[in-house]
Amino acid sequence: MVSLVTLFWRICILRAGPESVPARVWFAVVLLIADIAVALLHHRLTFSEDPEALTMLQALGVGLVNIAIIAAVTRSALSIRKLDERFLATLTALIGTDLMISVLIVVASELSKLMGVSPVIATFLLQAWGIVVWGFIYQRAFNTTLMFGIVIAFGVGIFALFVSLAAVGVLR
């Protein structure tokens with residue numbers, strides 16, 4: 001367990017790439033379940049008193065559609081580049097690093113609330129870091145530059161977010 005946390009931390013600090021992640025379907029599924037659980041926890045802690053917020057079922061739908069879109073776009077792009085064999089490790093690295101950063105966001109948000117300050121800046125900085133990390137993963141997966149990897153990560157993330165929000169009926 002410690003070695004897996006260390007592995008994903010090393011990816012988050014740009015010291016290891018997706019090629020070092022175990023490419024096993026069951027492992028990706030376990031990480032995905034954990035990632036969605038953390039996202040739902042964060043949603044519950046952040047929006048429990050907001051009647052305008054998404055329901056937990058809608059939040060679950062957004063999370064599932066979001067990862068499905070990210071997986072489909074990543075798979076398609078890797079296939080176009082004839083790098084199909086990198087898909088599972090890349091997707092697992094994306095999910096694992098998202099899990100790590102999501103946990104940090106939950107912790108930072110709760111600490112901010114305890115200190116009586118807004119968690120917006122900490123959340124924004126951690127989200128920006130997440131985009132850089134995903135850009136690094138895409139850089140390694142596609143054999144491109146870090147800047148282009150970041151552009152891919154940002155584009156895929158925004159596209160997936162809009163599609164997932166539309167899929168659960170938030171955007172009309």
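What share of the contacts in the protein chain with a separation of 6 or more is accounted for by residues 24 or more positions apart? In this predicted model, such residues account for 65% of those contacts. The protein chain contains six helices and zero strands, and its pattern, read along the sequence, is α-α-α-α-α-α. The radius of gyration of the protein chain is 16 Å, close to the 16 Å that the globule rule gives for 172 residues, so the chain is as compact as a globular protein of that length. Taken along the principal axes, the box filled by the C-alpha atoms is roughly 45 × 35 × 30 Å. Of the 172 residues in the protein chain, 38% are buried, while the chain exposes about 9700 Å², of which 71% is supplied by carbon and sulfur atoms.

Aromatic side chains were examined next. A pair of aromatic rings is described by the distance of the centres and the angle of the planes. With ring centres required to lie within 6.5 Å, the count comes to four aromatic pairs. One of these is formed by Phe 8 and Phe 27, with 6.2 Å from centre to centre and 20 degrees between the planes; because planes under 30 degrees apart count as stacked, this pair is a stacked one. Phe 8 belongs to helix 1 (residues 2-12) and Phe 27 to helix 2 (residues 25-47), so that the pair links distant parts of the chain, 19 residues apart. Phe 8 is buried, with a relative accessible area of 3%, and Phe 27 is also buried, at 6%.

The rings of Trp 9 and Trp 129 have centres 5.6 Å apart and planes at 80 degrees, so this pair is edge-to-face. Since Trp 9 lies in helix 1 and Trp 129 in helix 5 (residues 120-142), the pair ties together parts that are 120 residues apart in sequence. Trp 9 is partly exposed, at 37% relative accessibility, and Trp 129 is likewise partly exposed, with a relative accessible area of 23%.

The side chain of His 43 reaches the backbone oxygen of Leu 54 at 2.8 Å. When neighbours within four places in sequence are left aside, the residues in contact with His 43 are Ser 48, Ala 53, Leu 54, Thr 55, Met 56 and Ala 59.

Terms used:
Residues are numbered from 1 along each chain as its sequence is written. This is a predicted model: local features need pLDDT of at least 70, side-chain atom pairs count only at pLDDT 80 or more; totals for chains, interfaces and linings use all residues. Side-chain values use heavy atoms; hydrogens and water are left out. Rings of Phe, Tyr and Trp (its six-membered ring) pair if their centres lie within 6.5 Å; planes under 30 degrees apart count as stacked, over 60 as edge-to-face and the rest as tilted. Helices (H or I, at least four residues) and strands (E, at least two) are DSSP runs, numbered from the N terminus. Buried means under 20% relative accessible area, exposed over 50%, partly exposed in between (1.4 Å probe, protein chains only). A polar contact is a pair of N or O atoms within 3.5 Å; within protein, one must be able to donate a hydrogen and the other to accept it, and residues adjacent in sequence count only if both atoms are side-chain atoms. Contact means heavy atoms within 4.5 Å. The radius of gyration is taken over C-alpha atoms; the globule rule is 2.2 Å times the number of residues to the power 0.38. Accessible areas come from the Shrake-Rupley method with a 1.4 Å probe; for residues, only the protein chains shown count as cover.
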